[in-house]
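This briefing is intended to be read alongside the sequence and the coordinates shown below. It treats the interface between the chains, then helix packing, salt bridges and backbone geometry.

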Amino acid sequence: MAGVRVGNRIIGSEAPVTVGWENVPRVEGSPLKVLFFTWFQPVVLFALIIFWYYAPNSIAKASVAIGIGLGFRAILFAMEWYFPRHQGWNITWKELAVDLFYVGLGYTFLDTIEGFIGSDALIGLAKEKLDIESVDWFMGLPLLVQAFAITFIFDFGQYWMHRGMHNWYPLWLTHKVHHYITQFNIFKGAVGNPVELFLIGLGLGGFFDFLPRAFLLAGAISMGIGIYMHLNVRFNTPAWWRYLFNTTEHHSVHHSQDYEATRSNFAGLYVFIDRIFGTCVDGEAEILGQEGGRRLSIREQMLQPFTEGWQTLRSRYGRAAGVAAE
Amino acid sequence: MASTVPTGPEAAIAASPSPLRHFDWIWRVRGEVDLPEDQSADVALDRLTPLFHATGTSHERGPATLYFTKKDPAAQDRMAIYNAGLLQVDEVPGRRVLRYELTSHALLACFLAPLLFIAFGQLAITAETYQRAQAEAAEKAEKAKKKDAKADKKKDEAKEFPRNPIDVALGAPPPKSKKEIKAEKEKKKKEPPSATPAWVFAGIFALLYLIGRFLEARLVNRLFARTLRAPS
């Protein structure tokens, strides 16, 4: 496989990756269908922003946000069923059951643990022990600027954490198992080892104060942009959106079986961060996974970072200790 | 061709220990499909064999039997939920039937998953009770510390959330007052600790199990029947 040169790198020399928007297929069919799949993403994002900006205080609360989130996911799940991007990514009963297990784990066990050792808990403890106050000057800024700041601070941190996971072996051990997914669907973002899910959820936002409504707006913006990352639906995403935001296409390149391609598109929401740091690859991939597409069981997802880490330690230091003893 | 009593690895599938036999329907799918008229056992199994050429699948043929195992099957493998199975062609008066017995760890895990989520729910309630007690103790200590600093307290209460002129001009609703937020927090404190997500997921997995147990049994029966009857 020849691959395509992107900057200093050859993308797609080990596994198929389509590089360049001009080579990515577009939604075809009736004008209504094309119109729908072209404007769906911007219209939803705009509607979410308008709703949370103007909703009265009696409605602007977390429970409503959860309800909207669940409803929107249900709509996208139905769209995956009727308009799959790739037939090879279709949902099956087993995939659904396994993926929902990880989603459930996130909402229950991991949520409980994060109450004790999550970034908010740790930052709260640090502020108390060091007797420092949150930076509160953001609160005087316009709501939308605050909402952008919340999402950007988190995404910028996530970019570096994610990039670190692909460049530093101990972190890669925790993240690697997520890369064994062989298809995308609405739930795939939740699949991974709990240690990785904990690490990727760390953020510095707790050091800053924002208005409560800004958090709701930030949640809506994150959902309106980030929910498509692992989605099995094709959209005719507008060029400006693809330039600014991470898309299914970008993230599928990141999950391809091509090593160089996996080291791209690290941001969760704002792909312009990747553009700034030279790690963005515009394109898409259908063949995903590691080790030629071997599927990992839940047991392996949970244990592999530890077993592989232990084996690596043993092979590196165990042998050295043995030689020294001789 | 008449079936023989399985020996070797397939014996493990065919003979469940008797106490398990009563409830192994939880993770085992049994069924049968009539063979087309005049189709021999060898021809039937020859037709079915390509189904077991999938990634991660190995199989063994015996006289009128086929035993398979699967490890890490691909997501789109149509029999991905099964770990092992025995297919056997039997002679019954006037016809031949394919009988099968398939084992699924995925079904068993899904059946047990509600218990796991109920345990997570209990854990969440215990954790929340503990955190509330800790927060209450910390609040009391803080109050005692600030008893003399009444002026600071008044100053804190008076300080409301700022509002940017752009938001005022665009008509965004004013932020809730600190008093309102405090009242909401107090109200929440009085509610008992809840673990709603855990109960919801326990319910989801119970439902998923029921769907999977019936749907997958139907799908595999249809797969075998269609494969046997497909024009050669």
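**Interface and architecture of the predicted model**

Chain A and chain B bury about 3,200 Å² between them, and carbon and sulfur atoms give 68% of that area; buried area here is the accessible area (1.4 Å probe) that two parts lose on being put together, summed over both. Asn57(A), Trp93(A) and Lys94(A) supply 22% of the area that chain A buries against chain B, more than any other three residues. This is a predicted model, in which local features need pLDDT of at least 70 and side-chain atom pairs count only at pLDDT 80 or more, whereas totals for chains, interfaces and linings use all residues; side-chain values use heavy atoms, with hydrogens and water left out. Residues are numbered from 1 along each chain as its sequence is written, and chains are lettered from A and ligands numbered from 1 in the order in which they are written.

**Contact between chain A and chain B**

- Chain A brings 42 residues to the contact and chain B brings 42 residues, contact meaning heavy atoms within 4.5 Å.
- Twelve residue pairs, both members at pLDDT 80 or more, are in polar contact between chain A and chain B. A polar contact is a pair of N or O atoms within 3.5 Å; within protein, one must be able to donate a hydrogen and the other to accept it, and residues adjacent in sequence count only if both atoms are side-chain atoms.
- On chain A, the elements that give two or more residues to the side touching chain B are helix 1 (31–54), helix 3 (93–107), helix 4 (109–117) and helix 9 (212–226). Helices (H or I, at least four residues) and strands (E, at least two) are DSSP runs, numbered from the N terminus.
- Helix 3 of chain A gives the most to this side, with eleven residues.
- The side of chain A that touches chain B comprises 22 nonpolar, 13 polar and seven charged residues. Ala, Val, Leu, Ile, Met, Phe, Trp, Tyr, Cys and Pro count as nonpolar, Asp, Glu, Lys and Arg as charged, and the others, Gly among them, as polar.

**Salt bridges**

- The count over all chains is 26 salt bridges, each being a side-chain nitrogen of Lys or Arg within 4 Å of a carboxyl oxygen of Asp or Glu.
- Between chain A and chain B the count is one salt bridge. Arg294(A) forms a salt bridge with Asp72(B), with the closest N and O atoms 2.9 Å apart.
- Within chain A, Arg85(A) and Glu249(A) form a salt bridge (2.9 Å, N to O). Arg85(A) lies in the loop between helix 2 (62–82) and helix 3 of chain A and Glu249(A) in helix 11 (residues 248–254) of chain A, so the pair ties together parts 164 residues apart in sequence.

**Helix packing in chain A**

- Helix 6 (residues 143–165) and helix 7 (residues 169–176) of chain A pack at about 95°, with their axes 7 Å apart. Axes are lines fitted to C-alpha atoms, for helices over the stretch in contact, and angles run from 0 to 180 degrees between N-to-C directions.
- The contact of helix 6 with helix 7 of chain A has four nonpolar, four polar and no charged residues.

**Backbone geometry**

- Asp72(B) has a positive phi near 50° and is not a glycine; Asp72(B) lies in the loop between strand 3 (65–70) and strand 4 (84–92) of chain B.
- Glu291(A), also not a glycine, has a positive phi of about 50°.
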